[in-house]
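Subject: Structure handover

Hello,

Here is the structure you asked for. Please keep it open while you read the notes below.

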Amino acid sequence: MLELKQYQRKAMKISPQDNIAVALTDLHIGEEVTLGERQLQLVTNVAAKHKFALEDFASGHEMVMYGAVVGEAVAPRRFKKEGRHMSGRRRT
Amino acid sequence: MPLVFCENNNILALRRAFAKELGDTAPDTYDQYIAQLAKLYREGGAEKLKTHEVPQVQDVQRCSRLFPNLDGVKFLTHEMGCGGTRDDARALCGLLAGYICHPNVAGATVLSLGCQNAEVSILHEEIRKRTPHLAKPLLIFDQQRSHVESAMLTAAIRETFVELAKADKIARAPAPLSALTVGLKCGGSDGFSGLSANPAIGHVSDLLAVLGGKSILSEFPELCGVEQNLIDRCTSDDVAAKFMSLMRTYAARAKAAGSGFDMNPSPGNIRDGLITDAMKSAGAARKGGASPVSDVLDYPETATKSGLNLLCTPGSDVEAVTAQVGAGANIVLFTTGLGTPTGNPIAPVMKIATNTELARRMHDIIDLDTGGIIRGEKTIEEMGETLLEEILRVAAGDARTKAELKVQEDFIPWKRGVSL
C-alpha cells in the first residue's frame, strides 16, 4: 500500500451531509479517528482511499458522499457498524 | 492528416522525412539498446542478455530551429474514413475540421485516397460550419487523381514546406484568458481523485468561467449518477434537454451492445476504494467545478460559449482527449491517481497527480502534484490557483509538458457505429 505515513490527517469527510468518510492513510482496527469535532473508533481495518461508515447502516441504506447518494450499503450481517470498512453497490 | 486509413503509410513516410530536419525526434535510446543486445547475442548467446543494463533515457531533442515560431510539424494517423457508417465518416470529417480550425494549428496538409466515405467535400462543409472563411493554408492531395505515389508525396512535401515558411512569420503574441479553452479529463483514477486533483481542476474551471474562458467536461458514461446536479446547473431548458437526450441515447446504445453505464467502476477502481459507479461519477464530476453549464455539445461539435461546456464522448482516455481538442481545447488538464503517459499532437496535456507518491515515482510523465490537498497543506482553491499559473506558463510557451518532451501524441477518433 501507499506510503502515506507523513499525512497529518487520517481521514476526510467531504460534505457535511456525508455518512461515509475516506481513509487518507492505512487505518487499523481500534484506531481513533477525528473528523472535525467528531471522534470515532474503527471496528475494522480500512485501507487508504477506502471508505468507512460514520453511522450504523442497515443493508440497503443510502451511502452519501460529496453530498450525493452514491450507492447503498452491503452488509454481511443485518447492520453495519459505525467505523466499519464500507462495502456498497449501485442503487437500483 | 489522412482522410482515410489507406493514406496512413504515406503519412508515416512524411513523418519520417520531416522528423530529421523539422520534427521532434523521440530518443533513440531503445534503438541503441537493441543494437547492444544484438551485439551481445552474437558474441555470447542468450545468457549474457539478462544482466545487460538499460541505458539512461535522454530527453527528446528539440527540432532544429529552422522555423523558430513553429512548435512542430505533427502527423496524425487513424483507422477510420471508410468501411463504417456514413455518420462515422461525417463525424471523422467534423473532428479533423476541428483540428484544422484549431487556434493551435497554423495550417494543414490532408491526404485523401479518393473513393472513401469521408469525402473531401464533407471535410470542406465541416470546416465552413466552424470557420466560414478559413484564414490558413489547407493543402489537399488526392491519390486517385495523381500519378505515382512519389509524385503526390513530393508535391505535398514541397507545398507544405513553403507554407511552413509562411507560417513561421506568425509570432507568438499575448492573448486574453478569455481566448483559452481547457479540457478537463481524468484517467487511471484512484480513491483520491475526487478529493484532490479533480476538485483542484474544477476550481480552475470555475476561475476560467469567471474570466470569460471556456472549459470542457466530457466522458458522458462517467456522469451516470450525477445527471440531476448537472441538469440543475444548465443555463437553459434547451441545454438541459440536449444533455438528457444525449445521455439516454448513449445509455441505450451501450445496453444494445451488451454493456451498460453500470459496468463502471473497473476492478482496479474497486480495489482502490471506488466501489460504485455513482461514487466514481461524483468524484469525476468535480472536475467541472460548480459553475453553470453554458452549453452541451454532441461529438464532434466545437465549444463556442464561455464557461463550462459538456461534450458527449466516451470515458476512454485517448478518445475523450482527442474529442476535447477537436472541440477547441488549447490545453488539457488530465488528472490521474495511477499514472498514464498520454498526450495529444496539437495541444499540451498536463498530467496532474492526485497523490504525491505517484508524482515522485512516475516523475517522467507527471507534470503537477496535488497531494498537498490530501496532507492538508493546501486548500483546493490554493491548488487551483497554482495550476492556473502553470497553465499560463504552458500556454505562453515558457514551459513544456512531459508528454511534449516524450513526443507522446495520441490520437483516436471515436467510432460510434458498426464496421461494414
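In helix α8(B), the buried residues are V239(B), A240(B), F243(B), L246(B), M247(B), Y250(B) and A254(B). Buried means under 20% relative accessible area, exposed means over 50%, and partly exposed lies in between, with a 1.4 Å probe and protein chains only. Seen down the axis of α8(B), the buried residues fall within an arc of 130°, so they line one face of the helix. The arc is taken from the directions that run from the helix axis to the C-beta atoms. The face turned away from the buried side of α8(B) carries the exposed residues D237(B), D238(B), R248(B), K255(B) and A256(B).

This is a predicted model, in which local features need pLDDT of at least 70, side-chain atom pairs count only at pLDDT 80 or more, and totals for chains, interfaces and linings use all residues. Residues are numbered from 1 along each chain as its sequence is written, chains are lettered from A and ligands numbered from 1 in the order in which they are written, and side-chain values use heavy atoms, with hydrogens and water left out.

More on α8(B). Helices (H or I, at least four residues) and strands (E, at least two) are DSSP runs, numbered from the N terminus. Helix α8(B) has 20 residues, 237–256, and at 1.5 Å a residue it should span 28 Å, which agrees with its end C-alpha atoms being 28 Å apart. The expected span is 1.5 Å times one less than the number of residues. The cover over the buried residues of α8(B) includes α7 (227–233), β5 (293–297) and β6 (307–311) of chain B. After α8(B) comes G258(B), with a positive phi near 85°.

Next, the sheet in chain B. Two strands pair if DSSP finds at least two bridges between them. Strands β5(B) and β6(B) run parallel and are joined by 4 bridges. Within this pair, L297(B) has L311(B) as its bridge partner, and V293(B) stands opposite L308(B). Another 4 bridges join β6(B) to β4 (residues 214–217) of chain B, also in parallel; here S215(B) is the bridge partner of L308(B). Strand β6(B) is mostly covered, with 5 of its 5 residues buried.

Which residues touch the most other members of the largest nonpolar core? They are L123(B), L195(B), F220(B), L223(B), F243(B) and L333(B), in a core of 100 residues. A nonpolar core is a set of buried Ala, Val, Leu, Ile, Met, Phe, Trp, Tyr and Cys residues joined through side-chain atoms within 4.5 Å. Helix α3 (residues 86–101) of chain B gives the largest share of this core, 10 residues. Apart from it lies another core of 17 residues, among them L14(B), L111(B), M152(B) and L153(B). Leaving out residues up to four places away in sequence, L223(B) touches L217(B), S218(B), L230(B), F243(B), M247(B), S281(B) and A285(B). Contact means heavy atoms within 4.5 Å.

Helix α10 (residues 277–285) of chain B has 9 of its 9 residues buried, so it is largely enclosed by the rest of the structure. In the loop between α9 (267–271) and α10 of chain B is D272(B). Is D272(B) buried or exposed? D272(B) is buried, with a relative accessible area of 13%. Its contacts, leaving aside neighbours within four places in sequence, are K49(A), H50(A), D190(B), G191(B) and L338(B).

Last, chain A. Chain A has 0 helices and 10 strands, and 49% of its 92 residues count as buried. Its accessible surface comes to about 4,800 Å², 48% of which belongs to carbon and sulfur atoms; accessible areas come from the Shrake-Rupley method with a 1.4 Å probe, and for residues only the protein chains shown count as cover. Three of the strands form an open antiparallel sheet in the order β7-β8-β10 (chain A). Its edge strands are β7 (62–65) and β10 (88–89) of chain A, each pairing on one side only. Strand β7(A) is joined by 4 bridges to β8 (residues 68–73) of chain A, and V64(A) stands opposite V69(A) in β8(A).

Regards
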